[in-house]
Amino acid sequence: MRIAVLTGVAGIAGMFALAAAPVFAQTAARPADDPHAGHAMMDMAQTAPAVAQAKPDNPAIPPDNGASVDRLKASPRHGEWVDIKMPSGPALKSFVVYPERKDKAPVVLVIHDIFGMGDWARAVGDSLAKEGFIAIVPDLLSGKGPNGGGTEELGQGVGQAIRTLTPDDVNARLNAAKAYGASLPAANGKTAVIGFCWGGSGSINYAIAQPELSASVIYYGTPPTKTVDGKQVVDSDLLAKIKAPVIGFYGGNDARVTSTVEPTAAEMKKLGKIYEPHVMEGAGHGFLKGQAQNDANAKAAVDAWPLTIAFLKQHTK
C-alpha cells in the first residue's frame with residue numbers, strides 16, 4: 001500500500017483494481033463525539049477579510065471562502081436555483097451551474113461542509129462547470145429551517161440542524177438530486193459526487209449507498225467506523241459495498257482525519273477497490289476553502305484541484 005504525500009503538483013498515482021457488488025442503502029455508524037466540533041473557529045478564520053486579501057484569487061481553482069462572492073458575480077456560466085422534488089416533505093433547494101460545451105456533460109453533486117449551503121459551495125459548483133461538468137449543489141438542510149427553509153433561514157442554528165441528518169437522510173436527498181440531474185437533456189448519464197469536511201464523509205457514504213455512482217471525491221472527510229474491542233475502526237463491511245472509484249485529499253496537519261487514511265487504504269486494497277488517497281504536506285483541515293490562510297493550504301489547493309478534475313473526467317466519460 002502506498003499513500004501519495006503531495007509536496008508539489010503531481011500526476012494521478014496508480015489505482016487499485018475495482019470489484020464490487022451493488023447495494024441500494026446503508027446506515028453508517030456514527031462516533032460518539034461530534035467529529036466536527038470546533039470548526040466554527042476555523043470558519044471565522046477563513047472568512048476574515050484581512051486573511052482573504054493576503055493572496056490573490058487563483059481562477060484556475062475554486063476560490064478561497066473570502067473570494068467566493070466576487071467569483072460568482074464574475075462567472076460567465078449559467079447558474080440557476082431549482083427546487084428538486086423529494087418523495088415526501090419540502091423540496092430540495094439546489095443551485096445548478098451549466099458548462100459551456102456543445103455536447104452532453106456529466107453531472108457532479110457537490111456536498112457542502114458542516115456550515116451548510118453557502119456561496120463557497122456554489123463557487124465550487126461554478127469551478128466544476130468551468131471544467132465541463134453540470135454541477136448540482138443541493139442545500140441538504142432544506143426543510144430544516146423556520147417555515148420550511150434551509151441553511152439561510154437557520155442562521156446560527158446550522159450546526160445543530162445538520163447533526164439531525166443521518167447518512168440515510170443525506171443519501172435520500174442526494175438520490176433526488178442525482179435523479180434530477182439524470183433528467184436534464186444536457187446530461188450524459190454519468191454522475192459523480194464531491195464533498196468537503198462533513199460533506200467529504202457524505203461523499204464516501206454515498207459511494208457506499210449508490211451503486212450507479214461513477215466516482216466519489218473526498219476532501220478531508222472520514223470513513224464510516226464501527227467499535228471493535230472498545231476502539232473505533234474503519235467499517236470494512238460498509239466499504240465492501242463501494243462500487244465507484246474513490247479519490248481523497250487530506251491535510252498533512254489534520255491528524256484527526258488523516259489518521260484514518262492508511263487504514264482505509266489498507267481495507268480498500270484488501271477489498272480490491274479503487275481508492276487514491278493524497279495527503280497534502282503541511283496543509284490543515286479545510287485547506288481548499290481556507291487556502292488564503294497560509295502557504296501550505298494554498299499549495300495544497302493548487303496541487304489537489306487538477307487531480308480532482310482529471311479523476312472526474314476519467315471516470316465520467
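**Note on salt bridges in the predicted model**

1. Start with Lys226. Its relative accessibility is 26%, so Lys226 counts as partly exposed. The model is predicted, and the values below are computed from it.

2. Lys226 forms a salt bridge with Asp237. The closest N and O atoms are 3.5 Å apart. Asp237 belongs to helix α9 (residues 236-239) and Lys226 to strand β8 (residues 225-228), so the bridge ties together parts eleven residues apart in sequence. Asp237 has 53% relative accessibility and counts as exposed; the cut-off for exposed is over 50%.

3. Next, Arg77 and Asp126. Their side chains meet in a salt bridge, with an N to O distance of 2.9 Å. The pair links distant parts of the chain, 49 residues apart. Arg77 sits in the loop between α3 and β2 (78-84). Asp126 sits in helix α4 (residues 119-130). Are these two partners buried or exposed? Arg77 is buried, at 18% relative accessible area. Asp126 is buried as well, at 3%. Buried means under 20%, so both values qualify.

4. Asp57 and Arg71 form another salt bridge, their closest N and O atoms lying 2.7 Å apart. This pair also links distant parts of the chain, 14 residues apart. Asp57 is in the loop between α2 (49-52) and α3 (68-74), while Arg71 is in helix α3 itself. Asp57 is partly exposed, at 37% relative accessibility. Arg71 is buried, with a relative accessible area of 12%.

5. For the overall tally, the count comes to ten salt bridges. Those discussed here include Asp57 with Arg71, Arg77 with Asp126 and Asp237 with Lys226.

Conventions:
Residues numbered from 1 in each chain as written. Predicted model: local features only at pLDDT ≥ 70, side-chain atom pairs only at ≥ 80, totals over all residues. Heavy atoms only, no water. Salt bridge = Lys/Arg side-chain N within 4 Å of Asp/Glu carboxyl O. Helix = DSSP H or I, 4+ residues; strand = E, 2+ residues; numbered from the N terminus. Buried < 20%, exposed > 50% of the residue type's maximum accessible area, 1.4 Å probe, protein only.
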